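Welcome, and thanks for taking a look at this one. Below is a short briefing to read alongside the structure, grouped by topic.

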Amino acid sequence: MQITKILIANRGEIAVRVMRTARNMGIATVAIYAEGDRDSLHVREADEALCIGEVELSETYLNIAKIVEIARQTGCNAIHPGYGFPGRKSALR
């Protein structure tokens with residue numbers, strides 16, 4: 001399966017680097033962001049960006065079910081976890 005559209009489940013420099021690499025590979029990108037990150041660089045760099053919630057990490061970047069649902073809604077066929085967020089959830093359990 002060829003990746004054609006990827007959701008990046010992170011923010012900041014990690015997300016921007018993943019987006020730039022994806023763009024160079026011809027892959028469309030989707031960013032998620034918490035309300036407080038609305039004006040962040042990763043939101044501006046993405047082909048699409050969707051607000052995932054207010055501020056609470058458990059409701060935004062750590063909400064794996066919500067991330068997967070947004071990936072489905074936007075037609076992504078891959079999710080890049082970035083560094084720290086989705087992997088961190090399992091470490092917190």
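## A first tour of the model

In this predicted model, a polar contact of 3.2 Å links the side chains of Asp-37 and Arg-11. The protein chain as a whole contains four helices and four strands, and along the sequence they follow the pattern β-α-β-α-β-α-β-α. Of its 93 residues, 41% count as buried. Take contacts between residues at least 6 apart in sequence: 51% of them join residues at least 24 apart.

**Around Asp-37**

- Asp-37 sits in the loop between strand 2 (28-34) and helix 2 (41-45).
- Although it lies in a loop, Asp-37 counts as buried, because its relative accessibility is 14% and the cut-off for buried is under 20%.
- Apart from neighbours within four places in sequence, Asp-37 is in contact with Arg-11, His-42, Val-43 and Tyr-61.

**Helix 1**

- Helix 1 covers residues 12-24, which makes 13 residues. From its first C-alpha to its last it reaches 19 Å, close to the 18 Å expected at 1.5 Å a residue.
- The buried residues in helix 1 are Ala-15, Val-16, Val-18, Met-19 and Ala-22.
- Looking down the axis of helix 1, these buried residues fall within an arc of 165 degrees, so they line one face of the helix.
- The face turned away from that buried side carries the exposed residues Arg-17 and Asn-24.
- The cover over the buried residues of helix 1 includes strand 1 (5-8), strand 2, helix 2 and strand 4 (78-80).
- Just after helix 1 comes Gly-26, with a positive phi of about 80 degrees.

**Helix 3**

- Ile-67, Ile-70 and Ala-71 are buried in helix 3.
- Around the axis of helix 3 they cover an arc of only 105 degrees, which puts them on the same side of the helix.
- On the face of helix 3 turned away from its buried side you will find the exposed residues Ala-65, Arg-72 and Gln-73.
- The buried residues of helix 3 pack against strand 1, strand 2, strand 3 (48-53) and strand 4.
- After helix 3 comes Gly-75, whose phi is positive and near 80 degrees.

**The nonpolar cores**

- Which residues touch the most other members of the largest nonpolar core? They are Leu-7, Ile-32 and Ile-67, out of 13 residues in this core.
- Strand 2 and helix 3 (64-73) each supply at least two residues of this core.
- Strand 2 gives this core its largest share, with four residues.
- A second, separate core has 10 residues, among them Ile-6, Ile-8, Ala-15 and Ile-27.
- Ile-67 touches Leu-7, Ala-9, Ile-32, Ile-52, Thr-60, Tyr-61 and Ile-79, leaving out residues up to four places away in sequence.

- Ile-52 belongs to strand 3. With a relative accessibility of 3%, Ile-52 counts as buried.
- Not counting residues up to four places away in sequence, Ile-52 touches Ile-32, Tyr-33, Ala-34, Glu-59, Thr-60, Lys-66, Ile-67 and Ile-70.
- The C-alpha atoms of Ile-52 and Asn-63 are separated by 8.8 Å, and the two residues are 11 residues apart along the chain.
- Ala-78 belongs to strand 4. At 15% relative accessibility, Ala-78 counts as buried.
- Leaving aside neighbours within four places in sequence, Ala-78 is in contact with Ile-3, Lys-5, Ile-6 and Leu-7.
- Ala-78 and Gln-2 are 76 residues apart along the chain, and their C-alpha atoms are separated by 9.5 Å.

**Cysteines**

- How many disulfides does a search of the whole structure find? The search finds zero.
- A disulfide is a covalent bond between the sulfur atoms of two cysteines.
- Is Cys-76 buried or exposed? Cys-76 counts as buried, because its relative accessibility is 15%.
- Cys-51 counts as partly exposed, because its relative accessibility is 32%.

Note on methods:
Residues are numbered from 1 along each chain as its sequence is written. This is a predicted model: local features need pLDDT of at least 70, side-chain atom pairs count only at pLDDT 80 or more; totals for chains, interfaces and linings use all residues. Side-chain values use heavy atoms; hydrogens and water are left out. A disulfide is a pair of cysteine sulfur atoms within 2.5 Å. Buried means under 20% relative accessible area, exposed over 50%, partly exposed in between (1.4 Å probe, protein chains only). A polar contact is a pair of N or O atoms within 3.5 Å; within protein, one must be able to donate a hydrogen and the other to accept it, and residues adjacent in sequence count only if both atoms are side-chain atoms. Contact means heavy atoms within 4.5 Å. The expected span of a helix is 1.5 Å times one less than its number of residues. The arc is that of the directions from the helix axis to the C-beta atoms. A nonpolar core is a set of buried Ala, Val, Leu, Ile, Met, Phe, Trp, Tyr and Cys residues joined through side-chain atoms within 4.5 Å.
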